[in-house]
There are 2 protein chains.
Amino acid sequence: MPEQEDGNKGVTIVGGGLVGSLLAVSLGQRGLRVHLHESRSDIRRAAGVSGGRSINLALSRRGREALRAVGLEDEVLSTAIPMRARMIHPLSGNQYSIPYGTKRDDCIYSVNRRALNELLLTKAEESPNISIHFESRLLQADLETNTLVFSDGATGKKTVQTEFVFGCDGAHSTVRRQMMRWGRLNYQQEYIQHGYRELTMPPTPSGDFAMEPNFLHIWPHHKFMMIALPNHDKSFTLTLLMPCSVFESIRNEYSLLAFFQAHFPHSINKIGVEHLYKDYFANPQGKMISVKCSPHFMAGNTLILGDAAHAVVPFYGQGMNAGFEDCLVLTECLTESGGELAAAAQLYQDNHWSDTHTICDLSMYNYIEMRSHVTSPLFLIRKRIDNALHYLFPSLFIPLYSMVAFTRIPYRRVVERHNVQQTVIRRGLWGLSLASLGLLGYLIFKFSGMEVALRHRILPCVFKCVVNNYLRH
Amino acid sequence: MPEQEDGNKGVTIVGGGLVGSLLAVSLGQRGLRVHLHESRSDIRRAAGVSGGRSINLALSRRGREALRAVGLEDEVLSTAIPMRARMIHPLSGNQYSIPYGTKRDDCIYSVNRRALNELLLTKAEESPNISIHFESRLLQADLETNTLVFSDGATGKKTVQTEFVFGCDGAHSTVRRQMMRWGRLNYQQEYIQHGYRELTMPPTPSGDFAMEPNFLHIWPHHKFMMIALPNHDKSFTLTLLMPCSVFESIRNEYSLLAFFQAHFPHSINKIGVEHLYKDYFANPQGKMISVKCSPHFMAGNTLILGDAAHAVVPFYGQGMNAGFEDCLVLTECLTESGGELAAAAQLYQDNHWSDTHTICDLSMYNYIEMRSHVTSPLFLIRKRIDNALHYLFPSLFIPLYSMVAFTRIPYRRVVERHNVQQTVIRRGLWGLSLASLGLLGYLIFKFSGMEVALRHRILPCVFKCVVNNYLRH
């Protein structure tokens, strides 16, 4: 069985997307011999965008820390555009913003997927420890013998012996499929009813952004929505998210224009009718899948990370960030295990996998929040209360979104902590309203001369009911 | 592309196990041209048992009705052994029984898997509408063009055009895998930590059953358990269900005997030490998977039934029954749709798929109930209350187990109804205990001379709290 070219087995990373290439850089810096296999050709040499993937992504704390760990944070942020708040565009046209956090640094960054991937591949290539193999698609893996079969050219095959396999090959991961064949993998995949298409809002004729750039723009419509992220070239990338049946009902330019006039009237001029027609009918329609599985580590030599282990729907903007954090957690585990790969992977599995299930659930929840709740006055009040409490008790009370986007608190603990915070708020509000009601009642009784009855008969009764209620919420 | 031998496309059933062969009989009786493909050779001509599958199964109402619909119920029941109750064998040896229901007909039947499968294949073969193809394994399916590729002999392949595909090919279904490739299949698989091994308890030297035959015997041990079902030849088939790690810890005859002496001491003599050693180390260890997916109907021409659509863990004894009911529901849908296959399958999908998710959940729940709850006095009291209520109000109140095993109420409605019933019982018990407490309190106060205080101050207070509590439960 031929070994890899340099006669050194090393570790193999399957998938040279964002997570795979970051992992390569990270493991290379630790002195490991890394072979990175990517099924596509080198994106730095290909024209056009890679089909079916979003053009820009929101980078937040977890992703930034992972980039910082390999010394790339500043370089990435230098071309990224900060977004400090959501900008909501209701049908009426009266737009308003909802800040992401309370501090100046509480912002997420719009980054270009392709530029980031190219940067990571270039950094990986600079390392003498890392070999990148393009057009090398995993066909089969024997987890028992650490033997991988990759495609080689159009029809050839090459067999590779390796010490350890990292599966970073995305939501439809081949490594994961081989794990399912090998052993007991608990697995769950769920397609959501919505598909998406990307559109472009070009810069104005004067060469400026057509909308305010430092926002993530949202057009919420309950059953569907559109979002927009700014690009470095002063355009916006819009993503139209709708049930597939609605996409199917729009078959020609006439019905597309009618649809936009009815639902996104204020965006048409900014996009431009010609642009709208071209993008809508030329761009592929993406579908969205949520994947959970466990374990992520199997056979003592195979670990999956990123979308391969936990594909999330994009509504929390955490897909890339969670994948990057996987790399960071793994290197932390490597440090803890003294560089022993299998021990580090086991540590990673024991402590980290359930966090990835939580971010899948949170993303699914935000799928509803983003297209519906953002228009509810109650939601806006709650956000204000959250932000006020965070302002008053910055380390004690952190809003859910801030914990997800602006901290590295493990996702599972984020949700536990959020639930405790919500209980405290709910009890506080109950206590407050009951106390006000009691005071009001007391004043009424006092001035109507029924104070004695109140003190001796009604108050003890109310007191008991209040205590009862209070303990239950 | 060569068509099937008789030049008539007809429908194709993939899988000639219990569900596939019953479906063939059922569709054949409706006049459809049926091709049944089974990957194994003809079990009627092979010696020995088929590996990795349980030897006997519990047949209950749903399965019986499906067999009755094709005129086979009486024939199957003639060799089946009725089981009227669970017989619990605690470590102490003081066995006791828990009846399955309140009526004489409320029993489940121990049937031999192989004999039942053979009977169904023979009945299928008798129909001129049905062709059975053995050693014909599905390799690939093109759902777009209704083209299936089957293995033909050891290395050959045959391509088949069909009008409709029924996937009855079990928990690791190839048809389902092809559906996942074709379109959006929401899918979930979960392995449980327990494996199982089958043992045999032979008849006594005098040729009789070694235990009372009309029971499903259970040795509950919280973390593991053993069950036994009677066979027609007066033996029992025992199934030992334990965490895989416990199986792995038993490596030789010495540790096996020590294990049985510690946990199943009263069964050793009945099994016989030699039998125990032989069966335990010779029989394969099965693993258990729970599978849910949706939709079951796809591409206008492919429907999965039985384990292929909803593999359940065996703890409710509903795997075969739910699969047989699938066939019955499908024929009911065919009647409703005037024999139009795609319309019937759509009707089946719309009304039936969520029931199959419910039986997966119920079976998982019983996984705990069978090995733990059956030893709790509280559980026994609850069963008695349930049975008493069912006896008093036979059509109004039906215990959960009875609804699952002895009715054809759809599984989803079974759970809804069970929840309502439990709420009524809980409220009734609350009301009853509070009323008794109140009466007791009244009597104490009356005879201690504090009646006035009670009437004017304490009672109104208590009343409010009671109402409050009562409304919340």
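This is a predicted model: local features need pLDDT of at least 70, side-chain atom pairs count only at pLDDT 80 or more; totals for chains, interfaces and linings use all residues.
**Stop 1: the domains of chain A**

Colour chain A by domain. Domain 1 takes 11–81 + 111–190 + 289–371. Domain 2 covers 191–287, and domain 3 covers 411–472. Now place a centre on domain 1 of chain A and another on domain 2 of chain A, using C-alpha atoms; 30 Å separate the two. Select the contact next. Domain 1 of chain A puts in 19 residues, and domain 2 of chain A puts in 26 residues.

**Stop 2: the area between domains 1 and 2**

Show the surface here. Domain 1 of chain A and domain 2 of chain A bury about 1,900 Å² between them, with 63% of that area from carbon and sulfur atoms. Which residues of domain 1 of chain A lose the most area to domain 2 of chain A? Pick I81(A), M370(A) and R371(A); together they account for 36% of what that side buries.

Six residue pairs are in polar contact between domain 1 of chain A and domain 2 of chain A, both residues at pLDDT 80 or more. Then select β3 (56–59), β13 and α12 (341–371) of chain A. Each supplies at least two residues of the domain 1 side that touches domain 2. The most come from α12(A), with four residues. Colour that domain 1 side by class: 10 residues are nonpolar, six are polar and three are charged.

**Stop 3: chain A against chain B**

Bring chain B into view. Select the contact: 23 residues come from chain A and 23 residues from chain B. The two chains bury about 2,100 Å² between them, 48% of it on carbon and sulfur atoms. How many salt bridges are counted between chain A and chain B? The count is zero. Polar contacts are there, however: six residue pairs across the interface, both residues at pLDDT 80 or more.

On the chain A side, select β13 (186–201) and α16 (451–472). Each supplies at least two of the residues that touch chain B. The largest share, nine residues, comes from α16(A). By class, this side of chain A has nine nonpolar, eight polar and six charged residues.

**Stop 4: the strand pair**

Finish on β13(A) and β13(B), the latter at residues 186–201 of chain B. Three bridges join these strands, which run antiparallel. Zoom in on Q188(A). Its bridge partner in β13(B) is Q188(B).

Terms used: Residues are numbered from 1 along each chain as its sequence is written. Chains are lettered from A and ligands numbered from 1 in the order in which they are written. Side-chain values use heavy atoms; hydrogens and water are left out. Contact means heavy atoms within 4.5 Å. Buried area is the accessible area (1.4 Å probe) that two parts lose on being put together, summed over both. A salt bridge is a side-chain nitrogen of Lys or Arg within 4 Å of a carboxyl oxygen of Asp or Glu. A polar contact is a pair of N or O atoms within 3.5 Å; within protein, one must be able to donate a hydrogen and the other to accept it, and residues adjacent in sequence count only if both atoms are side-chain atoms. Ala, Val, Leu, Ile, Met, Phe, Trp, Tyr, Cys and Pro count as nonpolar, Asp, Glu, Lys and Arg as charged, and the others, Gly among them, as polar. Two strands pair if DSSP finds at least two bridges between them. Domain bounds come from an automatic or database domain assignment.
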